[in-house]
Structures are given as C-alpha cells and as structure tokens.
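Please look through the structure shown here before reading the report.

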Amino acid sequence: MKFTLTTQDPLSKARAGEITTDHGSIQTPIFMPVGTAGTVKAVHQHELKNDIEAQIILGNTYHLYLRPGLNTLESAGGLHKFNGWDGPILTDSGGYQVYSLTEVRKIKEEGVTFRSHIDGSKHLFTPENVMDIQRVIGADIIMAFDECTPYPCDYNYAKRSIEMTHRWLKRCCDRFDSTAPKYGYSQTLFPIVQGSVYKDLRVRSAEVIASFEREGNAIGGLSVGEPAEEMYAMTEIVCNILPEQKPRYLMGVGTPVNILENIALGIDMFDCVMPTRNARNGMLFTKNGIINIKNEKWKNDFSAIEDDSDLFADKAYTKAYLRHLIHSGEMLGAQIATLHNLHFYLWLVKEARKKIIAGEFYDWKNTMVKRFGQRL
C-alpha cells in the first residue's frame with residue numbers, strides 16, 4: 001500500500017491525498033460504507049460503484065468468521081470474489097463486536113473467549129488467529145486486534161487496557177510479518193491508538209503505535225458515547241503525534257459534522273453505520289440539514305428527495321413517496337434512503353477534498369457544520 005499526501009489546507013490540518021492498493025486507488029479524505037456481513041445493507045455492488053461512488057468498503061471479521069465462515073470465504077477466493085466487490089476492502093479486527101458482548105466474553109492476556117450471538121458456540125480470538133482470519137477474508141487493509149474500552153472508563157482500567165493492546169500489537173505484527181497473503185495481492189496492517197479520553201494515555205498510545213512504523217494508523221475507542229468535544233480533543237492530540245506521511249483512520253465516526261471537524265484535525269479515513277442504519281429508520285442527511293422522513297410534514301411534499309443531487313433515486317422519488325414506503329415497511333424505502341445517505345456521505349468527503357485542494361476548506365467547513373447540524 002502506498003500513500004501520497006498531495007495538499008494541506010492553509011488554515012487547518014485538513015489534507016488531501018491518495019492511497020494506492022492492489023484493488024485500486026482511494027482519494028482521501030474518504031468515507032467507507034460499512035458492509036458488516038459481506039454486504040452494505042440494501043445496496044447492490046453496481047450501485048455502490050456507480051451511484052454512490054464508494055472507493056473502499058468495510059467487512060467485519062467477527063461476523064464473517066461466524067457466517068458464512070472461513071471455509072466458504074477461502075473456497076470462494078476471498079471476500080472480493082464472494083461478494084462481487086472488486087475495489088479495496090478494509091476489515092476491522094472484530095474487537096469492537098467481541099467487547100460489546102460483555103455478558104458472554106472473557107478477556108485474558110492470551111486473547112478473548114466469547115460465545116457466538118448466533119448459536120452460543122464458544123470461540124477464542126487471539127492477536128495471531130485474528131491476523132490469520134483476516135488473511136483468509138482477503139482484505140486489502142486489516143486491523144490489529146485491540147481492546148476497545150467503553151465510555152465512561154476508569155483511568156486505571158484504560159491504562160491496563162492500552163498496555164495490553166500494545167502487547168497484542170507486537171504479536172499481531174509478528175504473525176502478520178511471518179505470513180503471506182492468500183490470493184496473490186498485497187495486504188497491509190494498521191495498528192490502533194486507544195486510551196479512552198485521557199490525554200496522557202492517548203499520547204503514550206500514539207507514540208507506541210507510531211513506533212511500529214506500519215503503513216497506516218487508526219484511532220479507536222472514540223464515538224462510543226463521549227461528548228463530541230472530547231472526541232475532537234483526543235483526535236487532535238493523536239494527529240499531532242502520528243506521522244504525517246501515513247493515512248490516519250478514525251474508526252466508527254460519525255455524523256457529517258463529526259466528519260468535517262475531524263478532517264480539519266488531520267483525519268483521512270472514516271467509517272460509520274450511521275448513514276445506512278439511520279436510513280432504514282427514515283433519517284436522511286441532506287445538504288440543508290437532517291430530515292426525519294417519517295414526520296407528518298413530509299406527507300404531501302412532492303418535491304424531490306434532494307433537488308441538486310446527481311443521484312437517480314434523489315431526483316426520481318419524492319419525499320412524500322419515500323415517507324409512504326418507510327411507513328409501509330416496504331423494502332424499497334430502505335433502499336432509496338440508504339442510497340441517498342451513502343451518496344451524501346461520499347459527496348461530502350469529495351467536496352471536502354475539492355475545498356482542501358482549492359485552499360478553501362476551513363471557511364467552507366464552518367459554514368457547512370452549521371447547516372448539516374440543523375433539523376428540517
């Protein structure tokens with residue numbers, strides 16, 4: 001994997017760059033649609049590529065490991081062949097899912113024992129076998145196995161947690177570096193900075209993660225319930241330490257406002273279930289603010305979903321029709337809303353990139369943040 005930094009915004013730390021993988025190039029800043037179980041819910045691959053213009057998508061190690069399972073994925077030739085997506089894929093390590101199973105998992109130095117949410121069967125994730133699992137899945141970018149601490153989190157717990165995460169990272173790197181990709185294309189490993197909302201722990205973790213000198217770095221454990229100001233403060237601290245010449249990935253973030261503010265702090269890569277999950281519940285993110293399409297006010301609104309959009313679904317369907325579909329539980333409603341939200345998120349990062357390159361990002365960001373946060 002190669003990262004080229006092309007432009008820095010003069011009034012913020014926002015940057016434009018390009019990540020090159022064997023499955024294609026990614027223009028940064030970028031938003032990555034989440035395809036937890038091998039699918040971005042309610043969206044065809046041709047829509048992802050041609051309508052949404054996604055450049056990279058996510059898969060989830062925990063879910064793919066349980067279903068369809070490694071034998072099926074390996075027999076298919078990896079996730080790209082299995083799901084028909086020929087662009088870059090990033091897999092998270094499954095750590096976040098495992099830690100959210102608080103009632104059915106046990107953390108030890110060796111790794112994490114957990115029970116499947118599907119059938120209750122018992123499994124063990126270790127730094128080593130999580131590297132092996134992600135090799136089999138076949139992602140272009142794979143994530144280190146870490147512990148994602150909850151919020152709020154006791155300082156001493158957070159300190160013990162980052163120390164274990166750093167020991168696990170050494171084991172991840174050793175295993176990754178001693179194994180080869182399975183399907184004839186290169187893979188890269190990103191470590192993850194942790195440390196909850198404690199400045200000294202974030203500094204320490206960022207320094208340790210940077211010292212491993214991998215090809216990219218991630219920031220985890222934010223957007224887990226802490227106030228946005230805390231998220232921005234921790235992101236700024238970490239971005240000041242992580243090397244400039246490598247991509248920075250802020251995991252699980254977030255709203256359009258969160259994305260713009262974190263781009264201004266130096267983040268290059270984002271993912272979040274919000275545009276897809278909220279779409280299925282009738283929440284639309286638009287260039288003028290947030291719409292709850294279930295509200296009565298849209299019942300007889302026969303205007304297009306988004307007037308100045310180049311997305312077919314935005315122009316072909318009205319707000320009133322989409323409201324009817326969502327209220328009726330029709331699958332098409334979820335499809336249209338998901339297409340809209342993902343198209344908006346990809347438009348957002350593409351527009352941010354244009355403004356960075358033009359040297360106009362900072363003032364544009366401040367204007368857009370006020371607009372995107374309002375409810376229509």
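Is His80 buried or exposed? His80 has a relative accessible area of 7%, so it is buried (buried means under 20% relative accessible area, exposed over 50%, partly exposed in between, with a 1.4 Å probe and protein chains only).

This is a predicted model, in which local features need pLDDT of at least 70 and side-chain atom pairs count only at pLDDT 80 or more, while totals for chains, interfaces and linings use all residues. Residues are numbered from 1 along each chain as its sequence is written, and side-chain values use heavy atoms, with hydrogens and water left out.

His80 belongs to helix α4 (residues 79-83); helices (H or I, at least four residues) and strands (E, at least two) are DSSP runs, numbered from the N terminus. Leaving aside residues up to four places away in sequence, His80 touches His23, Trp85, Asp86, Gly87, Pro88, Ile89, Gly138, Asp140 and Tyr185. Contact means heavy atoms within 4.5 Å.

**Aromatic rings**

Rings of Phe, Tyr and Trp (its six-membered ring) pair if their centres lie within 6.5 Å; planes under 30 degrees apart count as stacked, over 60 as edge-to-face and the rest as tilted. By this rule there are 16 aromatic pairs. Phe145 and Trp168 are stacked, because their ring centres are 5.0 Å apart and their planes lie at 15°. This pair links distant parts of the chain, 23 residues apart: Phe145 is in the loop between β10 (141-143) and α7 (155-177), and Trp168 is in helix α7. Phe145 is buried at 1% relative accessibility, and Trp168 is buried at 0%. Elsewhere, Phe31, Phe285, Phe344, Tyr345, Trp347 and Phe372 form one aromatic cluster.

Charges also sit over rings (NZ of Lys or CZ of Arg within 6 Å of the ring centre and within 35 degrees of the ring normal).

| Charged residue | Ring | Distance from ring centre |
|---|---|---|
| Arg135 | Phe176 | 4.0 Å |
| Lys287 | Trp347 | 4.6 Å |

**Helix packing**

Axes are lines fitted to C-alpha atoms, for helices over the stretch in contact, and angles run from 0 to 180 degrees between N-to-C directions. The axes of α7 and helix α8 (residues 199-211) come within 11 Å and cross at roughly 5°. The two helices α7 and α8 are therefore roughly parallel (under 35 degrees; over 145 is roughly antiparallel, 65 to 115 roughly perpendicular and the rest oblique). Among the residues that meet here are Tyr155 and His166 in α7, and Asp200 and Arg204 in α8.
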